[in-house]
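The following note collects points on one structure for a colleague's review. Each point takes up one region or feature.

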Amino acid sequence: MNKVDNFRLQFPNDNKEYVPIMIGGMGVDISTSELALTAANLGGIGHISDALITDVSDRKFDTTFVSDKRKQFKGSLNSPDKSLIQFNMIDIRQATKNHIGKTMEAKKGSGLVFVNCMEKLTMNNTRDTLKERLNSALDAGIDGITLSAGLHLNSMAMMQDNKRFHDAKIGIIVSSVRALRPFLQRAKRSNRVPDYIVVEGPLAGGHLGFALENWHEYSLPIIFSEVLNFLKEQNLNIPVIPAGGIFTGTDAANYLADGAGAVQVATRFTITEECGLTNKAKQEYYRAEEDDVEVNTTSPTGYPMRMLRYSPSIGGKMKPNCESLGYLLENGTCSYVEAYERAKAASVDGKTFEVFEKTCLCTHMQLYQCYTCGHYVYRLKDTTNRLDDGSYQILSAEHVFKDYQFSTENKISKPALIAKAS
Ligand SMILES: Cc1cc2nc3c(=O)[nH]c(=O)nc-3n(C[C@H](O)[C@H](O)[C@H](O)COP(=O)(O)O)c2cc1C
């Protein structure tokens, strides 16, 4: 019978075998170390994320990077001009060392832990900050880096002098052959082909690599087979890992039978104990109906993003918080700062207004108030038990992982019923 456990993932130049389940990166610390370590422990691959790394370090390791930065740049708190705000490279390095280093020290089992690195975190100095993030991650001992949200044309070159450049695995997330082609061309200059390619379709969570107007015209099975064919034409043997809407073990096994190296999945893990979302957010994911899921352009990155329509991040009036965070600043501004100023200027008293155009994504992700999710979030309620108080039972990541690995015939196994809500 077709099931994930009949398959194993192998990377080029590595004769080890892995359970072909990769839990995708979910920033900010939604895919926690604990979630990634569970996947590694079970022989698969987990991701942490380096989004808002200074904030993650402050929360977990008692550092004060965020408040120190706010103090340093407090001069622009009441100004839309954020051009003086800069990240300190030593802070990025130390925060990365804390988060990734400690995760890697805790790793057990035969699987791997990767970090998801979004190019769109422009940090008012994309080049230098990205170079620091990538090299600090390698130096902190990460098993692999998944390059995401952007074309990453320079990323390989930024790492090529690192002593772990050929030892860590490096992969990219793309949504088309058109995006993959120039990346491969540039990677050749650094004598490095990626070790894996995640092909993310239009039903994924987080940001989408498609336009708002036509994302629904694309389909993962088609893009996946286009990428497979393209690599065959180029004589490249690189594992291809589809992502986005793979909800059951059978969905996953079908891709593996069609030539996928592994699958990347995320939404089904959002309601696990190990996931970093708040308990409130987990229940909000569970209660979602299909009509509650929308793709909108409120993210200042410029990419469409999928989320629940009742996310607190939509229509807020959060004062821009770039002095503390500022991960999406580019050339001294962010499209949220601009939208905020426009809404404020249009209000009668300069105080009573809401900003629907964009959202302060850094702050809302930090507070777990942007309920980003894959399209099938509304099926999560079918994977668990409803408790006496009306809430849904939270699952363990091991339960969900094993359900993907061993289930057949599109069945999803529910956990043993617990007596009361957690
Ligand atoms: C809550 C959430 C946050 C996400 N954050 C990121 C992210 O920070 N970077 C990224 O590349 N992908 C992100 N994704 C996408 C996932 O890594 C994954 O590729 C995708 O959601 C898989 O589809 P599925 O959720 O339908 O299984 C996120 C997805 C979710 C559900």
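Buried here means under 20% relative accessible area, exposed over 50%, and partly exposed in between (1.4 Å probe, protein chains only). The model is predicted, so local features need pLDDT of at least 70 and side-chain atom pairs count only at pLDDT 80 or more, while totals for chains, interfaces and linings use all residues. Residues are numbered from 1 along each chain as its sequence is written, and side-chain values use heavy atoms, with hydrogens and water left out.

1. Helix H10. Helices (H or I, at least four residues) and strands (E, at least two) are DSSP runs, numbered from the N terminus. The buried residues in H10 include Ala281, Lys282 and Glu284, and Tyr285 and Tyr286 of this helix are buried as well.

2. Thr270. This residue lies in the loop between strand S9 (263-265) and helix H10 (279-286). Thr270 counts as buried because its relative accessibility is 4%. Beyond residues up to four places away in sequence, Thr270 touches Met26, Cys275, Leu277, Lys282, Tyr285 and Leu380. Its side chain reaches the backbone oxygen of Thr267 at 2.7 Å.

3. Nonpolar cores. A nonpolar core is a set of buried Ala, Val, Leu, Ile, Met, Phe, Trp, Tyr and Cys residues joined through side-chain atoms within 4.5 Å. The largest has 123 residues, of which Ile145 and Phe269 touch the most other members. With neighbours within four places in sequence left aside, the contacts of Phe269 include Ile23, Met26, Leu35 and Cys275, and also Ala397, Val400, Phe401 and Tyr404. A second, separate core of 13 residues includes Phe11, Tyr18, Ile45 and Ile241.

4. Packing of H7 and H8. Helix H7 (residues 177-189) and helix H8 (residues 220-233) pack at an angle of about 35 degrees, their axes being 10 Å apart. Axes are lines fitted to C-alpha atoms, for helices over the stretch in contact, and angles run from 0 to 180 degrees between N-to-C directions. Val177, Leu180, Arg181 and Leu184 of H7 meet Glu226, Val227, Phe230 and Leu231 of H8. The residues of this contact comprise six nonpolar, no polar and two charged.

5. Asp50. This residue is placed in the loop between strand S2 (45-49) and helix H2 (53-61). Asp50 is buried because its relative accessible area is 4%. Its side chain makes a polar contact with the side chain of Arg133 at 2.8 Å. A polar contact is a pair of N or O atoms within 3.5 Å; within protein, one must be able to donate a hydrogen and the other to accept it, and residues adjacent in sequence count only if both atoms are side-chain atoms.

6. Thr352. In the loop between helix H11 (335-346) and helix H12 (361-366) lies Thr352, which is exposed, with a relative accessible area of 59%. The side chain of Thr352 makes a polar contact with that of Asp349 (2.6 Å).

7. Backbone geometry. The peptide bond from Gly27 to Val28 is cis, with omega near -5 degrees. Asp29, in the loop between S1 and H1, has phi near 55 degrees, a positive value in a residue other than glycine. Asn331 also is not a glycine and has a positive phi of about 50 degrees; at 75% relative accessibility, Asn331 counts as exposed.

Terms used. Contact = heavy atoms within 4.5 Å. Nonpolar A, V, L, I, M, F, W, Y, C, P; charged D, E, K, R; others polar.
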